[in-house]
Structure formats: structure tokens, C-alpha cells
Amino acid sequence: MFAIASEVSLWPLAVLAISVSFVVVLISVVRAHPFLALILAAILAGLMAEQLPGAKPRVPKADSPVVGTDGRPLRNHWVQAVELTSVEFGRTAGGIAIVIGLATIISMCLMESGAADKVVRRFIAFFGEKHAGVALLLSTYVLSVPIFFDTMFMLMAPLARALRLRTGKNYLLYVMAVCCGGVLTHSMTVPHPGPLAMVENLKIDVGVSILAGILVGLVPLGVGWFVCKWLNTRIDVPMRETPGTTLAELHSIVDKPEAELPSFFWSITPVLLPIFLISLSSFMIIGKDNEAFVRLLGGKEAFATTFAAIEFTGNKNVALLIGTLVSMYVLARQKAYSVAKICQLIGPPLETAGTIILITAAGGAFGLMLRNAGVGEAIKAAASGHAINMIWLSYLVAVVIRVAQGSATVAMLTTSAMMYPIISGSAGMPFDPIYIFLAIGFGGFALSWMNDSGFWVVSKLGGLSEGEMLKTWSVLLTVNSLVGVLATWLLSLVFPFPLGKPGP
């Protein structure tokens, strides 16, 4: 069932250790810019790899191939290390650049118009100032089910900042509450790409995975809230300048009489509308194979037309573009600004967003280069031949891959693909495969550090230094991860077949 570890080179684990240490030293000791450190680390990982896709072996032998399986000549290993880094950088940037740019504009417009402060005032009026953090935690947990974490944080960060100005305290608590709620759903519920890949790889029912992810996720969510409060009492993180609006401008907005602020409807629409559009698209995608659902919407032809329109508007880039236009309208309506004036205000935040995109894409390139270096296969080889509970094995493999390359989605996709042949070949596995799904999901977001794009999004848009992020964000995610897998393991002992499935 398992491969023999000695048959697979464990050199990629050395590549992992060396490149990770390289990043830590450059950023923490040399104080190099994160973009430079991560790009250099990605190239270093490629140079040290024994074999890269499309390249000759690092140490060619007499019988080494010179042509790839696609018939194209293999490139020089060193050149390919640089070229692959560039390709992976562009691939990551292509997935995040528009989202970050548009979310930055929404953030600026919400703060400049007073819309974010209006929403916060309504939150406090409804929940009470004492429970404002809990309201932010729970609302993020619910709203982030269909939204990528990076996008959700960008939409919720202005509310956290306005809430800090309104209450005068607990900035770290509000930021971490958003992180706590958003990360869990990103790793545990379809239609997020990681859980979706796991459902496909592990052959698990989509509805069961969503229900299990949300319900079991409540355990680390509750524990995470107390971790947020604990961190907030021990680490003083001031609210600093971030892309969008200066602190002086924020204070002037918060001091305004409520009558001078936008209505609650127009204040919340730029945040909820993109969420609604993306959620609706996700709902349609899930239901498109259900015949009863299709008939309910008028049959195949009518459904196809409706589906095409909703799928377009529910695309994350289109949904955020619509939210951006609405936020600009709110600002223009509230301040009587022209389009030229608003575009003038947009300039500085977009310049800062460019830096965030560079750092985030560099982190993605580093992670993907580690994958190209064969880290995943080396981890599988190292774990082979050891008697270990499948839940804990799945979790540990996901954690190592997560630490190695930064992306929770890649960790979940890689680990689930790696584990399915193992669990499907295990006669009499003593629990339902849904527990493997949960274990991998919780392992996918543990030990976040500088090669994680979410790390940099929270750092730059939340105004936290790298050191503060490691002491807060990294701690919170790791505790939530451990609590989640522990809850998963205990549930597997008490309810090994939770869906009425008979035992072996």
C-alpha cells in the first residue's frame, strides 16, 4: 500500500529546510524586502531541485533525456529555475491582482464616504459595544462561506478599522475576529477551491462536506474567539496607516454627526452585494445537476440562460467590480465628488496595492516552486511504512505541505490526492472518510507564515508588522487548526459512521 521511502529521494525536504531558513534570515535578520526575499527563495528552491518540469536534471547523467514527454527539448536546469519562478509568479498574480485592486478601491470609498462608520454604528446599536467583536466574528463566519479569505478580509477590514475608531480600543481583537471566521470557512466549505478539490479527490458528498465543515468548524471558532481576546490583552497593536484612507481622515469621518453619513442600505451594499452575487453563483453551480432544481427555474433552456448570467455576475472579479462601482457611486453621492476627483483619491491606494500584489505573488511563486521541487512526494515517502492513525497522518501531511509552500488550497489538493489511494486501499477503515476531509482541511491552514499570501494581505491591509503577525495571526490559526483536528479525531471515536453508514 505504501511506497518504500528509500526508493524516493528525500532531498526535497532539505530544499524545503534550506529555502525556508533563507527566507526567515533575509526578512528577520537582514531586513530585506519580503518581495525580494521570496523571489530569491523561489529561485533558490528551483536551483536546488533535482529535477524541474521541462528541464534537464540538475546533475545530468550519460543516459539523461534531452527531450520531454511532449517532444520539446528540455531546457537548462538553471534557466528553467528562473523561468518557472516567473511563470508561477504570474499565475499567482493573475488570480489575485484584480481582486486586491478592486477591494482596495472599495475600502477607500467606504472609509472616505463614511459608509464603514455607518455600518459600525448600526452594529454597535444592535449588538451593543460589549459584543461588537462577537458580531464581527459571527458575521464573517457566515458571510465568508462562499468568499475567498483574501477577498473577505479586504471587504471586512474597513469595518474593523471603523469599529476601532468608534470604540477607541480592541483593534487587534477586531482584526483577528475577521481572520478567525474567514479562515475556517475558506478551508472547510465548498465552494472554496481547497474543499472542492478534496470532495472530488476523496469521493465525498458535497452536501455532507458543507454540513460537516460548518458544524465542526464551530468548535475552533468558539475557541478561536477566546484566543483572539487573549492575544488582544497581551499584545498592543495600534491602528496604523493602511491603503485607502489616512488615520486623520478616518478620525474626521468618525467624528461626524450620523446625519451626515450615507444611509445604512447604501453603506452596506458595496460589501454585501459582491458577497450575494458570488454566493448566488456558487448556489447555482451546486444545483445545476439537480433535475428538480432545474425544472423549478423553467427547464433546461431557461436555466441555461439564467445560469450564464448569474455565473458571469458571480465571478469574483465581476462581482467586486460591481461592488466597486456602487462604492464609488456612494462616495460621489455623499460628497458630490466627480469621477475625476474619485480617481485622484484612488491613485495612492492602488500604488500600495501594487506592493501587496508583488509580495503575495512572490509568496505564491515560492510555494509553487517548492511543489515543483518534489516536496509533496518526499513527505509521502517519509511517512510511508509507519503505523499511524489515518486522521493524524492526513493532518500532518497537510501541515507539512502547508508550511512548505504556503497555500492552504495546494496543501488540501495535494494531501487529498495523496491520501485517497491509501484510504481506499485500507480494508475496514474504522471511520467515515468525511473525517479525512476535515483533518486535511484543518491541517491546511496551520502554521501560516511568510510564504502564505493571506499572511501578507492581513499584514499590509491590517497594518500589522511581520513580527506582530507571527505572534498573533500565526498563533491563532495554529491553535484553531489543532483544536479542529482534535475535535475531528474525538468525533471519529464517538461517531465513526455519522451518516448511518454501517461499520465494517
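Leaving aside neighbours within four places in sequence, which residues is T324 in contact with? In this predicted model, T324 is in contact with L102, I105 and I106. The chain as a whole has 22 helices and zero strands, and 54% of its 504 residues count as buried.

**The chain as a whole**

- The secondary structure comes to 22 helices, with zero strands.
- Among contacts in the chain with a separation of 6 or more, 80% are accounted for by residues 24 or more positions apart.
- The accessible surface comes to about 21,100 Å², and carbon and sulfur atoms hold 67% of that surface.

**The largest nonpolar core**

- The largest nonpolar core has 134 residues.
- Within this core, the residues that touch the most other members are F153, M176, C179, W473 and L476.
- Helix α7, which covers residues 171-188, gives the most to this core, with 13 residues.
- Not counting residues up to four places away in sequence, M176 touches C228, L464, T472, W473 and L476. Two of these partners, W473 and L476, are also listed with M176 among the residues that touch the most other core members.
- As a general background, nonpolar side chains tend to be buried together in soluble globular proteins.

**T324 and helix α14**

- T324 is placed in helix α14, which spans residues 316-335.
- T324 counts as buried because its relative accessible area is 2%, under the 20% cut-off.

**A362 and helix α15**

- A362 lies in helix α15, which runs over residues 339-372.
- With a relative accessible area of 0%, A362 is buried.
- A362 and L38 are 324 residues apart in sequence, yet their C-alpha atoms are 5.5 Å apart in space.
- Once its neighbours within four places in sequence are left aside, A362 is in contact with F35, L38, I39 and F89.

- Most residues other than glycine have a negative phi.
- K203 is a residue other than glycine whose phi is positive, near 60 degrees.
- K203 sits in the loop between α8 (193-202) and α9 (206-234).
- K203 is exposed, since its relative accessible area is 59%, over the 50% cut-off.
- A336 is not a glycine, but it has a positive phi of about 60 degrees.
- A336 sits in the loop between α14 and α15.
- A336 has a relative accessible area of 70% and is therefore exposed, the cut-off being over 50%.

- L486, L490, L493, V494 and F495 make a nonpolar surface patch of about 480 Å².
- F495, one of the residues in this patch, is found in the segment after α22 (473-494).
- F495 is partly exposed, because its relative accessible area of 48% falls between the 20% and 50% cut-offs.

Definitions and conventions: Residues numbered from 1 in each chain as written. Heavy atoms only, no water. Patch = residues over 30% accessible without salt bridge, like charges linked within 9 Å, V, L, I, M, F, W, Y side chains within 5 Å. Areas by Shrake-Rupley, 256 points an atom, 1.4 Å probe, with all protein chains shown as cover. Salt bridge = Lys/Arg side-chain N within 4 Å of Asp/Glu carboxyl O. Helix = DSSP H or I, 4+ residues; strand = E, 2+ residues; numbered from the N terminus. Buried < 20%, exposed > 50% of the residue type's maximum accessible area, 1.4 Å probe, protein only. Contact = heavy atoms within 4.5 Å. Core = buried A, V, L, I, M, F, W, Y, C linked by side-chain atoms within 4.5 Å.
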